[in-house]
Amino acid sequence: MINTSPFIHDNNSVQKLMFKVQLALLPALIVHVYFFGYGIVIQWLLGLITFLIVESIMLKLRNRPVLPFISDLTAVITISGIAFCIPPNSSWWLIVTAVSFALIFGKHLYGGMGYNPFNPAMLGYAFILISFPVEITQWSLPIAISGQELTFINTLQLIFTGNIPNINIDQITGATPLNSMKTGLTTGTTILQTLNLPIFDNNLPYAWTQINIAFILGGLWLLFTRAINWQYPIGFLGTIALLATIFHYIDPHTYAPASVHLFSGGIMLAAFFIITDPVTSSTTPKGKLVFAIGIGCLVYIIRNWGAFPDGISFAVLLLNMCVPFIDQYTAPRVVGYKK
């Protein structure tokens with residue numbers, strides 16, 4: 001008897017891969033709670049509830065079975081990506097809006113999982129970033145800087161009502177390190193002067209550095225288990241580090257050092273968990289490197305000369321549009337082909 005292909009089987013599945021990615025995010029979640037409180041946990045739960053409602057409605061409208069698609073965990077990664085990007089104590093409707101937009105217009109509009117050209121998490125975040133810029137910039141200060149450690153109940157009150165009895169909201173909110181640098185430059189404050197603010201510790205963003213290190217630990221585990229490819233973090237982080245080093249050497253008063261760029265915002269989240277999305281990124285070995293380098297260049301350009309302090313979401317979405325061209329021109333030679 002002659003067997004037919006495929007001959008190699010393994011136990012990999014979309015559900016197992018998504019669970020592994022979610023597990024790798026756990027260290028960053030714990031560190032985030034330590035520095036910023038319970039806000040991100042509540043935001044994640046709100047995102048989960050929104051996902052269950054929106055996903056069920058969309059699947060019913062598309063005449064698709066609900067349980068198999070909900071249990072594949074792909075949307076849970078979208079929720080986590082958005083929850084890490086928005087202010088942890090922002091109003092409840094912000095994450096509800098972002099997750100709803102991500103699922104409806106970033107996933108189901110194109111036919112569901114596997115057909116979406118844009119990263120849903122970045123699409124949802126970009127939507128609220130453009131639509132509600134004031135709410136996005138009202139970030140909670142680290143507990144050690146604000147001196148206010150909110151209980152779980154206080155955090156619930158803040159998220160659902162916008163205020164807490166006997167607590168001044170202005171004392172627990174402030175600019176992020178990236179916002180501080182960009183705002184400082186517009187008012188004549190140099191980067192070196194901004195690095196002396198309390199939000200920085202030894203020229204590194206306080207709290208954000210520790211969270212990004214936690215992302216690195218989770219990302220290294222994903223690399224070790226071959227859940228993601230090395231081209232993404234190497235190309236992305238290497239590009240940002242190189243550009244930041246060059247420009248900081250040229251003008252250290254205007255351009256932040258590479259260490260600040262690498263440990264500010266969601267750089268490590270993007271490097272290991274966002275740009276590695278197998279559906280919306282390049283599929284060829286060379287293409288993955290080109291894709292990552294392109295995002296790194298755009299992030300640095302937007303951070304320094306754009307209107308937004310970070311720019312990861314826009315960089316990812318722009319390169320998502322370029323994936324078909326990248327794959328076309330980086331496709332490996334077919335075996336047996338003669339030039």
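Buried means under 20% relative accessible area, exposed over 50%, and partly exposed in between, with a 1.4 Å probe and protein chains only. At 4% relative accessibility, serine 140 therefore counts as buried. Serine 140 lies in strand 1 (residues 139–140); helices (H or I, at least four residues) and strands (E, at least two) are DSSP runs, numbered from the N terminus. The side chain of serine 140 makes a polar contact of 2.8 Å with the side chain of asparagine 89. A polar contact is a pair of N or O atoms within 3.5 Å; within protein, one must be able to donate a hydrogen and the other to accept it, and residues adjacent in sequence count only if both atoms are side-chain atoms.

**Model and confidence**

This is a predicted model, in which local features need pLDDT of at least 70 and side-chain atom pairs count only at pLDDT 80 or more, while totals for chains, interfaces and linings use all residues. Residues are numbered from 1 along each chain as its sequence is written, and side-chain values use heavy atoms, with hydrogens and water left out.

The protein averages a pLDDT (the predictor's confidence in each residue, from 0 to 100) of 89, and 94% of the residues score at least 70. Among the elements, the lowest mean pLDDT, 77, belongs to helix 4 (residues 66–70), and the highest, 96, to helix 14 (residues 231–250). Where pLDDT is low, the predicted coordinates should not be read in detail.

**Cavities**

A search of the whole structure finds two cavities of 30 Å³ or more. On a 1 Å grid over the protein atoms alone, a cavity is a set of points where a 1.4 Å probe fits but cannot get out, and lining residues have an atom within 4 Å of a point. Grid points are joined across faces, edges and corners, and a volume is the space filled by probe spheres set on the points.

The largest cavity has a volume of about 100 Å³. It is lined by 14 residues, of which Phe36, Asn89, Ile143, Gln148 and Leu150 are the closest to its centre. Its lining divides into six nonpolar, seven polar and one charged residue. Here Ala, Val, Leu, Ile, Met, Phe, Trp, Tyr, Cys and Pro count as nonpolar, Asp, Glu, Lys and Arg as charged, and the others, Gly among them, as polar.

The second largest cavity holds about 30 Å³ of space. Its lining consists of Glu55, Leu59, Arg62, Phe69, Lys107, His108, Gly112 and Met113. By class, these are three nonpolar, two polar and three charged residues.

Isoleucine 164 lies in the loop between helix 10 (152–161) and strand 2 (173–174) and is buried, with a relative accessible area of 4%.

**Burial and exposure**

Helix 16 (residues 267–274) is largely enclosed by the rest of the structure, because eight of its eight residues are buried. Among them are Met268, Phe272 and Phe273.

| Residue | Relative accessibility |
|---|---|
| Tryptophan 93 | 26% |
| Cysteine 297 | 28% |
| Glutamine 193 | 45% |

Tryptophan 93 is placed in helix 6 (residues 92–106), and its C-alpha atom is separated by 17 Å from that of glycine 81, twelve residues apart along the chain. Glutamine 193 belongs to helix 12 (residues 191–194). A polar atom of its side chain lies 3.0 Å from the backbone nitrogen of threonine 190. Between the C-alpha atoms of glutamine 193 and aspartate 327, 134 residues apart along the chain, the separation is 44 Å.

**Cysteines**

There are zero disulfides in the whole structure, a disulfide being a pair of cysteine sulfur atoms within 2.5 Å. For cysteine 297, the closest cysteine sulfur is in cysteine 322, at 12 Å, too far for a bond. Cysteine 85 counts as buried at 17% relative accessibility.

**Positive phi**

Most residues other than glycine have a negative phi. Asparagine 63 has a positive phi near 55°; it is in the loop between helix 3 (39–61) and helix 4 and is exposed, with a relative accessible area of 68%. Asparagine 202 also has a positive phi, of about 55°. Asparagine 202 is in the loop between strand 3 (200–201) and strand 4 (204–205) and counts as exposed at 69% relative accessibility.

Notes
1 Å grid on protein atoms, 1.4 Å probe; cavity = no way out; pocket = protein on both sides within 12 Å on 5 of 7 lines; lining within 4 Å.
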